[in-house]
Amino acid sequence: MIPPLLYAASAICAVGLFLLLRQPTGKARLGATILGLAGLAWLLVQGVQASGAVGFDPQVALMSLAVAMATAAAVRVITTTRPVFAALYFVLVVVAGAVAYLVMGAEFMAFSLIIVYAGAILITYMFVLMLAQQAPDAGGPSVAYDRVAREPAAAVLCGFVLLAALASVVGDVRVNQQPAAMTEARANAAAWNRMRGMPELVQERITAELAAAGKDPMGWSPAGGLEVAQDGRTAMMPVTLADGTRHETVLKAADLPVNSTSLGWELVTSYPGSLELAGVILLMAMLGAVVLARRQTDMAEDDRRAAAGLSRTNVEDADLAGDRA
Amino acid sequence: MNPIDPQLPPGDPLVMLGLLASAILFAVGIVGFLSRRNMITMFLCTELMFQGAGLAMISYGRQHMDLSGQVFVIFILTVAAAEAALALGLVVLLYRRKETLSAEAWKELAES
Amino acid sequence: MIAAPAMLSSVLALAEGPLDAHAAPELRWAGLALLLPLVSGVLCLFCGWMKVRSKLPAALTIAALGGAFATILRLQGAVGETPVVINLFDWISWTWGDGSRFHGFTANVDLYIDRLTIFWMLFVTGLGTLIALYASEYMESDVGKGYTRFFGAVSIFLFAMGCLVMGGNLVMLYLGWEGVGLASYLLIGYYFTKPEAVAAAKKAFIVNRIGDLGLALALFLIWQCYGTVEYAALWKAIEAAPASSEWTAQAIPWLLMLGAFGKSAQLPLYVWLPDAMEGPTPVSALIHAATMVTAGVYLIARMFPLFIVNPDALAAVAWVGGLTALLAATIGMAQYDMKRIWAYSTISQLGYMFLGLGVGTTFGASYHVFTHAFFKALLFLTAGAVMHGFAGQLDIRKLSGLLKVPGFRLVSLLAVLGCFWLAAFPFTAAFFSKDEILVSAFTAKDERVHVLGWIGLVVAALTAYYTFRVGFRVFFGPVKYEPGDEHHGHDGHDDHAHGSHGASAAHGGHGHHGEFHPHGPRWAIRVPLVLIAVGAILAGWPSYRTMLNHDEPNWVKTQIAQSSAYQGVAADSHGSHDDHAAAATAAGADQAHADHGHLVLGMDAHTAVGRLGSLACIAGILVSLYLHLINRGAADALRRTLMGSIATRWIVVGAERKWLVDEFYDWVIRLPLRVIANILGAIDDLLLDAGIVNGIGALPAAFGRLFRPLYGGVVQGYAVTMAGGVALVAAWVIWIWLRGAN
């Protein structure tokens with residue numbers, strides 16, 4: 001990515017967002033939207049170009065669509081003046097983000113995202129909105145104080161300096177990446193290693209391979225460990241068949257565990273402590289939410305003692321009495 | 001800061017787009033947090049920033065073909081959920097105090 | 001006792017000539033003349049601190065000044081013909097380099113005592129004592145208020161004057177010079193609640209600053225040219241190299257002259273002296289008539305070896321003196337305030353003294369200083385007594401016939417006596433001293449100054465006129481007076497035993513004070529008056545002796561002749577019989593220009609000046625007699641006549657308004673200075689203060705105002721700062737990282 005162009009695109013996006021934050025009406029709003037989308041498109045095109053890929057790829061097209069949708073929805077989140085709409089647009093952001101996750105091969109996280117965010121968190125937001133919603137006043141569909149953004153210029157400036165900075169890193173990802181083959185080999189080695197911890201899966205896969213190879217799939221026993229090939233794309237495992245012959249079973253990449261299996265394995269094997277901590281955090285958040293949401297009384301300590309039928313401490317009065325004496 | 005050497009192997013356009021989208025979401029989240037007055041919208045904006053962070057995790061995980069990125073998204077979700085619970089509890093509390101959701105109703109940090 | 005400075009001892013080793021001083025450590029008691037006034041000044045300070053409400057400060061001061069006078073009298077006997085240097089204690093002694101001539105600066109607290117010093121100190125301390133005694137009664141209404149301050153300042157004045165006259169080097173002279181200026185300032189501004197007095201004090205101080213600048217520069221140049229500021233060494237250095245053509249050496253007399261003109265109220269710096277009459281009358285008598293204003297004469301007389309080598313400078317001194325005498329006399333003729341008339345006459349007489357210096361007769365100038373000190377002190381003190389008795393009345397139109405007012409007879413008699421002396425009536429002391437000056441003017445070598453003799457004669461006539469204008473108006477004629485308006489002011493004495501109860505029938509209409517009784521002075525005023533009058537008469541004694549016995553040299557002349565004031569001065573016409581004087585001069589063959597070479601109106605200069613001077617004096621007195629005693633209406637008629645014609649009107653208006661010199665200075669000097677000051681002030685205010693200082697001060701405030709909306713207490717304002725900071729830091733870090741990566 002060429003930095004000046006990148007900054008120019010960021011600046012165009014910034015101007016568009018700024019104009020939208022000013023709550024324009026009619027044609028101006030349309031123009032601002034077009035301007036912002038144009039800046040966004042330019043930014044995305046630059047990103048795709050920078051990756052060095054050529055030709056049309058449906059995955060890239062889908063990803064681009066998801067990204068555009070997420071961005072547009074995010075902008076609507078912050079430009080709409082009605083919190084309910086903002087929450088709904090945020091659901092759209094989450095969905096678009098889930099699409100991007102899917103395209104990038106994180107199926108489990110995509111669905112988790114939808115379930116946790118769109119399903120749980122956003123519902124909480126809705127409840128709170130209902131609890132705390134103020135009646136719209138006469139001026140329009142929203143509450144007066146949030147009809148116009150505050151200090152949009154400073155906000156947009158901050159946001160887009162950050163965007164430009166982050167985007168310049170994005171442009172250099174390719175420069176700093178390791179050779180794809182090496183990365184792949186290492187990743188596959190890790191995947192095969194994970195598979196070693198799943199003997200039942202290995203047994204299932206070998207049985208399937210033996211059946212596919214026309215051997216007797218029943219009554220075999222392992223004759224050695226899983227040997228990963230040099231490039232990591234295949235792994236070999238010697239087995240003794242039921243007839244006593246020895247066979248080198250070859251497992252292919254497709255035989256590796258699926259995303260959710262691997263992820264669960266990784267989570268419990270590599271990050272058990274973090275997992276426990278996450279549980280504690282959630283528990284504490286629950287307790288905190290309960291404490292915070294409790295209805296507060298306006299009574300002071302002494303009044304409450306009195307209400308409970310206890311004697312007053314009268315600390316303050318005693319001090320005053322001492323002063324008077 | 002130089003044009004990328006064409007000799008380099010091509011990168012993954014999905015990673016690029018994912019990272020760009022994460023940066024954009026994060027920036028938009030900041031802009032929203034700074035410019036909206038409604039506290040609920042402000043917290044939605046922090047969720048936007050969480051979204052950006054998660055997307056960046058997934059993208060980098062794909063680039064390095066490592067599952068840690070996705071694992072971290074799980075933790076991000078956890079923290080986001082906890083934050084949402086607490087923050088919304090606080091919002092309800094603050095709303096009870098002043099009968100408004102405007103962040104500008106709270107100016108105790110001002111010197112005078 | 002204390003080793004004399006190295007330079008001095010080297011000079012003393014060579015001592016041969018008449019001016020070579022010798023160290024006299026055994027005379028250290030002479031320092032008492034300085035110490036006593038200093039001690040009394042300190043004690044007065046102490047009295048002020050203790051809030052003494054009695055006449056104790058006056059007693060202290062009179063005792064100290066009397067002691068100083070006694071010290072000088074004893075010193076007069078103890079010091080012979082050669083000057084002595086008395087080292088009191090070492091003060092400044094720096095050397096650098098090899099310590100040779102121009103590589104050292106020595107200024108010790110020395111006394112340089114020659115006959116000039118003693119002569120000067122005699123009348124300074126003597127008159128100081130008598131006037132302090134006078135003031136002890138005159139100022140008594142201020143006992144407990146300003147009394148202590150007054151006598152403290154008088155003591156300081158006498159101490160400073162002693163430093164000025166007796167100091168052994170120019171640094172001490174300068175200290176004394178500034179010290180008398182300070183005392184003068186303090187005493188002019190004595191009535192500091194009176195705006196005129198405050199203004200007059202400031203005027204005196206500032207005008208004197210101009211002169212003092214000249215003196216200071218002269219001092220620097222003297223060190224630069226001669227490598228020393230000590231008199232004894234300086235005379236040797238001048239003798240060795242008398243006439244340097246370096247501009248620095250040429251500039252010295254001119255700068256010294258500036259200093260002298262400032263202190264002695266000569267053109268163009270005389271304007272402070274008339275205003276200085278705002279001070280109490282004893283101060284006018286002591287400081288602004290008898291002693292301090294003669295410091296300029298002393299300076300030139302003392303530094304005469306530097307002047308004698310520069311005829312142009314001498315001529316300038318003579319001309320300035322002559323013109324000042326004429327100008328001040330014309331102004332004095334048209335004033336109505338008695339003290340101011342005497343002030344202008346002081347300026348005029350000082351002009352005579354400078355004329356005398358300029359034409360080379362340091363003897364005449366010094367003698368005139370001496371005689372003038374007595375009769376002018378007498379005139380001021382009698383004026384003060386009148387003022388004291390008539391509630392501050394000084395207007396000569398409102399006082400008449402005081403000779404017949406009971407209690408004022410003595411005062412009036414003495415005042416008339418003083419008038420005769422001031423008018424230089426034949427065979428008074430002033431007649432002789434003035435005669436000496438005018439003869440020298442007519443017979444001077446420098447032809448440029450001869451005309452000044454004629455001017456001097458004109459001034460003599462004018463002086464006689466205006467002197468007796470006061471005399472006849474105030475002390476003769478019908479008894480008639482109006483009291484002044486200071487009944488409760490500084491001169492009012494409601495608790496005072498009135499010396500006179502016979503109020504005049506022609507009493508003025510100031511009924512609101514009840515019957516006005518002029519009160520005559522008591523002994524503390526009368527005794528000094530009488531003693532000073534006797535002094536004024538006796539001041540002529542040396543001349544009477546010379547007149548009667550031509551072989552006997554004038555005592556004053558012998559005194560002056562044994563000092564630096566006579567170095568290089570031509571032996572004058574009396575050189576034949578003033579052997580002592582001739583012997584005292586530096587050897588020089590051609591100076592003996594006898595006055596028989598200079599004939600004035602066909603007569604010997606001495607005879608001619610004596611006759612013409614007498615004539616001028618008597619003519620002036622007669623005119624005055626007619627206009628101001630016999631037919632007082634004629635004076636007013638004359639004034640009306642002159643005012644009636646455009647051609648002569650300027651004479652009256654000019655003289656009465658002091659020839660508009662103050663206004664001229666106001667326009668030519670004060671106005672441009674004020675304009676410049678205002679411009680600079682505006683630059684300071686607008687550019688430096690408002691622009692740069694306040695501008696820099698306003699920068700942080702402006703910067704703060706720029707960001708103030710962010711810090712109104714709303715959380716997002718602080719979040720903007722945080723996010724902006726994070727964004728900038730991120731941008732910076734990533735930029736550095738990327739630069740390093742590629």
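This is a short talk on chain B, its contacts with chains A and C, and two parts of chain C.

Before the details, the ground rules. The model is predicted, so local features need pLDDT of at least 70 and side-chain atom pairs count only at pLDDT 80 or more, while totals for chains, interfaces and linings use all residues. Residues are numbered from 1 along each chain as its sequence is written, with chains lettered from A and ligands numbered from 1 in the order in which they are written.

Start with chain B. It has three helices and zero strands. From the N terminus on, the order is α-α-α. Helices here are DSSP runs of H or I with at least four residues, strands are runs of E with at least two, and both are numbered from the N terminus. Chain B has 112 residues, and 63% of them count as buried. Buried means 20 or more other C-beta atoms within 10 Å of the residue's own; 12 or fewer is exposed, in between is partly exposed, and the C-beta atoms are placed from the backbone. Now take the contacts in chain B with a separation of 6 or more: 54% of them join residues 24 or more positions apart. A contact means that two C-beta atoms, placed from the backbone, lie within 7 Å.

Next, the interfaces. On the chain B side, helix 1 (13-35), helix 2 (39-64) and helix 3 (68-98) are the elements that give two or more residues. Helix 3 of chain B gives the most, with 21 residues. By class, that side has 50 nonpolar, 15 polar and seven charged residues. For the classes, Ala, Val, Leu, Ile, Met, Phe, Trp, Tyr, Cys and Pro are nonpolar, Asp, Glu, Lys and Arg are charged, and the others, Gly among them, are polar.

Chain C meets chain B too. Twelve residues come from chain C and twelve residues from chain B. The chain C side splits into seven nonpolar, four polar and one charged.

Now the sheet in chain C. It is open, with three strands in the order 1-2-3 and mixed pairing. Pairing requires at least two DSSP bridges between two strands. The edges are strand 1 (22-23) and strand 3 (104-113) of chain C, each pairing on one side only. Strand 1 of chain C runs parallel to strand 2 (residues 84-95) of chain C, joined by two bridges. His22(C) has Val84(C) as its bridge partner, and Ala23(C) stands opposite Val85(C). Strands 2 and 3 of chain C run antiparallel, with nine bridges. There, Asn87(C) has Asp110(C) as its bridge partner.

Last, a helix pair in chain C. Helix 15 (residues 338-358) and helix 18 (residues 429-443) of chain C pack at about 45°, axes 9 Å apart. Axes are lines fitted to C-alpha atoms over the stretch in contact, and angles run from 0 to 180 degrees between N-to-C directions. So helix 15 of chain C is oblique to helix 18 of chain C. Under 35 degrees would be roughly parallel, over 145 roughly antiparallel, 65 to 115 roughly perpendicular; the rest is oblique. Tyr352(C), Leu355(C) and Gly356(C) in helix 15 of chain C meet Lys434(C), Ile437(C), Ser440(C) and Ala441(C) in helix 18 of chain C.

Phe432(C) also sits in helix 18 of chain C. Phe432(C) counts as buried because it has 25 C-beta neighbours inside 10 Å. Leaving out residues up to four places away in sequence, Phe432(C) touches Gly540(C) and Ser543(C).
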